[in-house]
Amino acid sequence: MKVTVVDDDIFATIAATALLAGLPSGGPTLGVATGGTPMRVYAELASRSRRGEVDLSGATVVALDEYVGLDADDPRSYAAYVRTRIADPLGIPSPNVHVPQGDSADPVAAAEAFEQQIAEAAGVDVQIAGIGSNGHLAFNEPGSALDSTTRVVELSEQTRHDNARFFGGRVEDVPRRAITQGLATIGRARSILLLAAGSAKADALAAALCGPVDAAVPASVLQRHADVTVIADRAAWSRMA
Ligand code: F6R
């Protein structure tokens with residue numbers, strides 16, 4: 001596991017550079033987390049793309065998760081996040097963008113179809129991941145089986161509370177269920193770039209990287225992956241000393 005601890009002002013630059021270094025040329029497959037932490041990294045990629053410094057228009061993008069009940073046009077959906085912050089700015093055409101179908105009438109079938117889609121694809125070259133304040137990875141909440149695959153999950157109260165900021169501060173508006181790639185699914189990526197910023201992640205990050213590999217801290221499964229890079233700011237790293 002490689003670790004880089006950075007000052008906050010260079011977090012996005014360092015993360016974008018690490019990501020690009022891990023992508024093969026041609027048509028790479030990029031696994032993307034959503035949420036607050038990687039937003040500035042995607043903005044940095046978009047800037048580099050506008051300046052003509054990178055060309056990811058041939059990439060395929062695969063999301064980690066989606067809320068059940070939100071359609072792709074809902075601005076709070078991860079489909080909208082991936083489209084507006086990643087695919088559109090980087091010029092990636094929509095057939096190359098894959099997000100679980102949150103508004104499916106049959107979310108269980110949609111989850112299985114997404115797992116199948118990932119299994120049939122060439123494989124994720126670099127998976128960008130974040131960590132929840134409760135140690136979740138994607139929406140694999142504490143207690144998720146380490147060998148889990150894509151499925152419908154119940155979101156924890158902690159996660160719904162943490163994500164209320166994307167729903168106008170109203171926790172009651174945060175969906176109760178999501179479709180998430182499982183821990184085994186995520187583990188099939190060739191490399192993983194884990195991003196952690198802010199003191200709210202400090203305990204979870206320390207438990208994930210230094211504690212036992214255990215379903216109680218789903219992100220601890222990353223200890224078993226052969227190619228993980230962690231980029232953390234000083235606040236997120238503060239419990240590691
Ligand atoms: C989102 C995802 C989540 C987030 C995590 C951290 O696609 O998979 O695991 O990465 O909840 O979210 P932020 O960055 O908003 O703190």
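**Terms and values**

Modeller: Start with residues 26-227: the end C-alpha atoms of this span lie 21 Å apart, and it is 30% helix and 15% strand. The model is predicted, so local features need pLDDT of at least 70 and side-chain atom pairs count only at pLDDT 80 or more, while totals for chains, interfaces and linings use all residues. Residues are numbered from 1 along each chain as its sequence is written, and side-chain values use heavy atoms, with hydrogens and water left out.

Biologist: What makes residues 26-227 a span to look at?

Modeller: UniProt lists residues 26-227 as "domain: Glucosamine/galactosamine-6-phosphate isomerase" in an unreviewed entry. Such annotations may be inferred rather than shown by experiment.

Biologist: How many helices and strands are in the chain?

Modeller: The chain has seven helices and ten strands, where helices are DSSP runs of H or I with at least four residues and strands are runs of E with at least two.

Biologist: Why is the chain called as compact as a globular protein of that length?

Modeller: Its radius of gyration is 16 Å, close to the 18 Å that the globule rule gives for 241 residues, so the description holds. The radius is taken over C-alpha atoms, and the rule is 2.2 Å times the number of residues to the power 0.38.

Biologist: Why are α1 and α2 called roughly perpendicular?

Modeller: The axes of α1 (residues 11-22) and α2 (residues 39-50) come within 8 Å and cross at roughly 70°. Angles of 65 to 115 degrees count as roughly perpendicular, under 35 as roughly parallel, over 145 as roughly antiparallel and the rest as oblique. α1 and α2 are therefore roughly perpendicular to each other.

Biologist: Which residues of α1 and α2 meet?

Modeller: Among them are F11, A15 and L19 in α1, and V41, L45 and R48 in α2; contact means heavy atoms within 4.5 Å.

Biologist: What makes α2 roughly parallel to α3?

Modeller: The axes of α2 and α3 (residues 78-90) come within 8 Å and cross at roughly 20°. That angle makes α2 roughly parallel to α3. The contact includes M39, Y42 and L45 of α2, with Y81, R85 and I86 of α3.

Key
Axes fitted to C-alpha atoms, helices over the stretch in contact; angles between N-to-C directions.
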